[in-house]
Amino acid sequence: SVMATGTALKLCDYVVTEAGFGADLGAEKFFDIKCRKAGLSPSAVVIVATARALKMHGDVARSELGTENVGAVEKGLANLGRHLENLARFGVPTVVGINRFVSDTDAEIGAITAYCNDRGVDVFENTHWADGSAGIEPMAARVAELADAGTAKFKMLYPDDMGLWDKIR
């Protein structure tokens, strides 16, 4: 992974690393391990959200995910909010990409968008699964803009020499 990223950084203007699920697992490993050991300093972060996942966090059964439920989306937004809080601690600008699917309603997407807007986080409705690259161009342009701006102030949350139990706390 480190070699692939290093090679990509030499060959491309922008490198995107898919770090895995959630800011409490994928991003933490990426920042705390990979960036630390490889000397990387990310310029921007994209957290992906879906109405379906937020409804699941809002206690909707899998069999009911195709039915509009704005209340469940709103309840599930607490999970997205926590990921945004976690990411903010690293000092890297973050955007939210909503992967929009045909079963998502305008009201559900609107709830996600309003939540992000209220927190000053750029949010983009992405349809790349249906529209190819055209369905994600606005978000890609914003991420490139953030990377080029150089405003990221990436920082580690703890020093290497800190004890394991203190790191966990």
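Five aromatic pairs turn up in this structure, counting rings of Phe, Tyr and Trp (its six-membered ring) whose centres lie within 6.5 Å, with planes under 30 degrees apart taken as stacked, over 60 as edge-to-face and the rest as tilted. The model is a predicted one, with local features needing pLDDT of at least 70, side-chain atom pairs counting only at pLDDT 80 or more, and totals for chains, interfaces and linings using all residues. Residues are numbered from 1 along each chain as its sequence is written, and side-chain values use heavy atoms, leaving out hydrogens and water.

One of the pairs is F30 with F31: the ring centres sit 5.6 Å apart and the planes meet at 55°, so this pair is tilted. Both of these residues are buried, a label that stands for under 20% relative accessible area, with exposed meaning over 50% and partly exposed in between (1.4 Å probe, protein chains only). F31 also pairs with F90, with ring centres 4.3 Å apart and planes at 40°, so that pair is tilted too. F31 belongs to helix α2 and F90 to the loop between α4 and β2, so the pair ties together parts 59 residues apart in sequence. Helices (H or I, at least four residues) and strands (E, at least two) are DSSP runs here, numbered from the N terminus. Ring pairs join F30, F31, F90 and F154 into a cluster.

Leaving aside residues up to four places away in sequence, F31 touches R36, P42, V45, L87, F90, F154 and M156, where contact means heavy atoms within 4.5 Å. F31 is also among the residues with the most contacts inside the largest nonpolar core, along with L77, L80, L87, V96, I112 and C116; that core has 28 residues. Such a core is a set of buried Ala, Val, Leu, Ile, Met, Phe, Trp, Tyr and Cys residues joined through side-chain atoms within 4.5 Å. Two or more core residues come from each of α2 (22–38), β1, α3 (51–57), α4 (70–88), β2 and α5.

Helix α2 itself isn't straight: a kink of about 35° is centred on E28, the bend being the angle between axes fitted to the seven residues ending there and the seven starting there. The buried residues of α2 include G22, A23, G26 and A27, as well as D32, K34, C35 and R36. Among the elements covering the buried residues of α2 are α1 (2–11), β1 and α4. Just after α2, G39 takes a positive phi of about 70°.

Then there is strand β2 (residues 94–99), where 6 of the 6 residues are buried, so the strand is largely enclosed by the rest of the structure. In a regular strand, side chains alternate between the two faces of the sheet. Both faces of β2 are covered, with T94, V96 and I98 buried on one side and V95, G97 and N99 buried on the other. Strand β1 (residues 45–49) pairs with β2 in the parallel sense over 5 bridges, pairing being called when DSSP finds at least two bridges between two strands. V48 has G97 of β2 as its bridge partner. Strand β3 (residues 122–126) runs parallel to β2 and is joined to it by 5 bridges, with I98 opposite E125. From β2 the chain passes through helix α5 (residues 106–118) to β3 in a right-handed β-α-β crossover; right-handed means that, with the strands pointing away from the viewer, the path from the first strand over the helix to the second runs clockwise.
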